[in-house]
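Reader: Could you walk me through this structure with a few questions and answers?

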Amino acid sequence: MQAGTDKLVVVVTKGIESELSSVALTIANGGLTAGLKVSIFLTSTAIDLVRRGGQRLTQVAPLEPLAGLIEDFQKRGGVIWACPPCVKSRGYEQADLLDGVVIVGASAMHAEIKDGAATLSF
């Protein structure tokens, strides 16, 4: 992480089919706990994490259930972005996604990186 930055962008490409999605959300929540401004950018199958009901299909013990991790992340000010082509290719629209999820291109993530955000990818 760059000296002086307080931002973290977590790029998640794995969805409900992978334990990496739970790891990514756990680390993102840890970033919030550490006082970072954390954003998550979802691509590929990770879009299913924020499809209404999708996040309830996975729990990787001993980690918290995905639904709880996502809810906690959003309640504490974490931002979740969803890749527009990835949403569209699955036939989803904004109404299919959890409240608060923003469908936005990579430019939002790039702006955070230009502003000094560290990145992690899962």
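Reader: Which side chain does Asp48 join through a polar contact of 2.5 Å?

Author: Happy to start there! This is a predicted model, where local features need pLDDT of at least 70 and side-chain atom pairs count only at pLDDT 80 or more, while totals for chains, interfaces and linings use all residues. Residues are numbered from 1 along each chain as its sequence is written, and side-chain values use heavy atoms, leaving out hydrogens and water. A polar contact is a pair of N or O atoms within 3.5 Å; within protein, one must be able to donate a hydrogen and the other to accept it, and residues adjacent in sequence count only if both atoms are side-chain atoms. At 3.4 Å, such a contact links the side chains of Asp48 and Arg51, but the one of 2.5 Å links Asp48 to Tyr92.

Reader: Is Asp48 buried or exposed?

Author: Buried means under 20% relative accessible area, exposed over 50%, and partly exposed in between (1.4 Å probe, protein chains only). Because Asp48 has 15% relative accessibility, the residue counts as buried.

Reader: Which residue in β3 stands opposite Leu42?

Author: Strands (E, at least two residues) and helices (H or I, at least four) are DSSP runs, numbered from the N terminus. Two strands pair if DSSP finds at least two bridges between them. Here β2 and β3 (residues 79-82) run parallel, joined by four bridges. Opposite Leu42 stands Ala82.

Reader: And which residue in β4 stands opposite Trp81?

Author: β3 also pairs with β4 (residues 102-103), in the parallel sense over two bridges. There, the residue opposite Trp81 is Val102.
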